[in-house]
Amino acid sequence: MVTPGRESLGSNNSRRPQECVKKNSGSSDLPWESVLHGTRQATALSVALDVARRCVDRRRLSEALALAARHGELPKATRWLPHGLATGDAGIALLCAYCDQCHPEQGWDAIGHSFLSAGSELSGESLSTGLFSGLSGVLFAVAALSRGGARYRRALGVLDDALAPEARKAADRLAADRPGRPVDDFDLVSGASGLAAGLLDRDPHRLLDPLLTALVGLATPNGRTPRWATAPELLGDPSTRTAYPYGNLNCGLAHGIPGPLAVLALALKAGHHVPGQAEAVRYLADWLTTHRADDEWGVNWPSAFPLPPPDGTPAAPVPAAARSSWCYGSPGVARALWHAGEALDDARLRTLAVEAMTDVLERPVTSRHLNSAPFCHGVSGLLQVVLRFAHDTRLPLFTSGATRLVDQVLGAFKPGRPVGFTTLGPGGEQLDRPDLLDGATGVAMVLLAASTDTEPTWDRVFLLS
């Protein structure tokens, strides 16, 4: 299953800044600083605020959603949820929270309040618990707008109480020994990793420990097949089931094992410890280190590894490396490995993370396979990962790489479209999406992160901080 294209760690390539990684690994404690200067910074900030204003304009929002909904083959992708963080009003509220942090006198808090109302008034029974489209996401957005808990105290308490029993059920479900489990038991988007991520900074009902304990159990070795393996009948769509007839091991930060690794490592670094947690971080980091799909440009990972047939014959060949995106591919995996290196104080893991990101930035733009600006599988998601590496390492290669990516995002700005940015649909159509995950909201937030000195703590929902 291991298919390295070349040796990475210990390479004789002198461009690898290994000593800088060791020396600067504590730079995340330094203040956030814009990577941009002069005209480029002013342009990025102007576009970010323009797009943010478009996304909170109900008329433009409705126009964009109506245009996107015309593509009948994408009903789920274009569905707008009042309580949705990824694709709904809660995500717009999170944008307002960040704008309020950057410009506290411009009334963004009041605008954010208007977008919170629909989602936060729903009862716990009305929602899933997931971070991207459920109760945990609403809670994250309300906390972000609360100015450190000074506001929305009653709403936060109601949401905390509603989440508590459901989070305990999610931990129990993950702790159950079930073969071939679905990824939404444990992933960031809908599962235990997302719930834990939302509780790292605020956990009044002490829900984090049982979730971390369940994730540690998931990461405990169990014979030949890891406990997070997904059976073929539980894979998401017919094409995936055809590609992985015996199931797979998902390697994406959004839906795969890098999510549990990242949240376990972030919790460990923040002082949240449960038995076996450090060992689980080590096991998962080592698994990703040795299970790769390096290509001609360097370190890389596939979207998933195929499971072998039950008769013991070898598994199918490892698929090609994934695109260079946040959700699947090197950027998301590298960030999870960086968190592991920080939690374990392991320079080797940090060096591999930096090497993987260096290789991403040295790939030709066309070889990254990012066809639009938005976050999930577009240029903005890669940019936010690079911004985090620039902050944590203070390495010039990441600052210059982020600057080039900002230029690429700004080049995709379409002022004549309702929300300024579009995403590419599966048929090549331009979709006017205003949401956080696949739309203009996420682009605006990343441009603000690049052009201001206000730390983007919102990227915890993507397990980048």
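User: How much space lies in the largest pocket?

Analyst: Keep in mind that this is a predicted model. The general idea goes like this: rolling a probe the size of a water molecule over the atoms shows where empty space is left. Here, the largest pocket holds about 1800 Å³ of space.

User: Which residues are the closest to its centre, and how many line the largest pocket?

Analyst: The lining is made up of 47 residues, and the closest to the centre are Asp237, His255, Tyr328, Cys376 and His377. Sorted by class, that lining has 23 nonpolar, 16 polar and eight charged residues. Among the elements that each supply at least two residues to the lining are the strands β1 (248-250) and β3 (423-424).

User: And the second largest pocket: how much space lies there, and which residues lie nearest its centre?

Analyst: Read it the same way. About 530 Å³ of space lies in the second largest pocket. Its lining has 25 residues, with Phe140, Ala143, Ala144, Asp201 and Thr457 nearest the centre. By class you get 11 nonpolar, eight polar and six charged residues.

User: Which helix gives the most to that lining?

Analyst: That's α6, with five residues. The helices α4 (89-102), α6 (135-145) and α8 (192-199) each supply at least two.

User: Now the rings. How many aromatic pairs does a search of the whole structure find?

Analyst: In general, a pair of aromatic rings is described by the distance of the centres and the angle of the planes. The search turns up 14 aromatic pairs in this structure. Take Trp228 and Tyr283: their centres are 6.2 Å apart with 65 degrees between the planes, and the pair is edge-to-face because that angle is over 60 degrees.

User: Where do tryptophan 228 and tyrosine 283 lie?

Analyst: Trp228 is in the loop between α9 (208-218) and α10 (238-243), while Tyr283 belongs to helix α12 (residues 277-290), so the pair ties together parts that are 55 residues apart in sequence. As for accessibility, Trp228 is buried at 1%, whereas Tyr283 is partly exposed at 22%.

For another geometry, look at Phe413 and Phe421: that pair is tilted, at 5.5 Å centre to centre and 45 degrees between the planes. Phe421 counts as buried, with 1% relative accessibility.

User: Which residues do ring pairs link into a cluster?

Analyst: Tyr98, Phe132, Trp326, Phe375, Trp458 and Phe462 are joined that way.

User: Let's do charges against charges. How many salt bridges does the count come to?

Analyst: It comes to 27.

User: Are aspartate 201 and arginine 460 buried or exposed?

Analyst: Asp201 is exposed, at 69% relative accessibility, but Arg460 is buried, at 13%.

User: What parts does the salt bridge of arginine 282 and aspartate 346 tie together?

Analyst: The two side chains meet at 2.6 Å, N to O. Arg282 is in helix α12 and Asp346 in the loop between α13 (330-344) and α14 (347-362), so the bridge connects parts that are 64 residues apart in sequence. Arg282 is partly exposed at 31%, and Asp346 is buried at 14%.

User: Which residue forms a salt bridge with arginine 335?

Analyst: Aspartate 392, with the closest N and O atoms 2.7 Å apart. Asp392 lies in helix α16 (residues 379-393) and Arg335 in helix α13, so the pair ties together parts that are 57 residues apart in sequence. Asp392 is buried at 3% relative accessible area, and Arg335 is buried at 2%.

User: Which residues do salt bridges that share partners join into one network?

Analyst: Look for Asp100, Asp109, Arg147 and Arg151.

Methods. Residues are numbered from 1 along each chain as its sequence is written. This is a predicted model: local features need pLDDT of at least 70, side-chain atom pairs count only at pLDDT 80 or more; totals for chains, interfaces and linings use all residues. Side-chain values use heavy atoms; hydrogens and water are left out. On a 1 Å grid over the protein atoms alone, a cavity is a set of points where a 1.4 Å probe fits but cannot get out, and a pocket is an open set with protein on both sides within 12 Å along at least five of seven lines; lining residues have an atom within 4 Å of a point. Grid points are joined across faces, edges and corners, and a volume is the space filled by probe spheres set on the points. Helices (H or I, at least four residues) and strands (E, at least two) are DSSP runs, numbered from the N terminus. Ala, Val, Leu, Ile, Met, Phe, Trp, Tyr, Cys and Pro count as nonpolar, Asp, Glu, Lys and Arg as charged, and the others, Gly among them, as polar. Rings of Phe, Tyr and Trp (its six-membered ring) pair if their centres lie within 6.5 Å; planes under 30 degrees apart count as stacked, over 60 as edge-to-face and the rest as tilted. Buried means under 20% relative accessible area, exposed over 50%, partly exposed in between (1.4 Å probe, protein chains only). A salt bridge is a side-chain nitrogen of Lys or Arg within 4 Å of a carboxyl oxygen of Asp or Glu.
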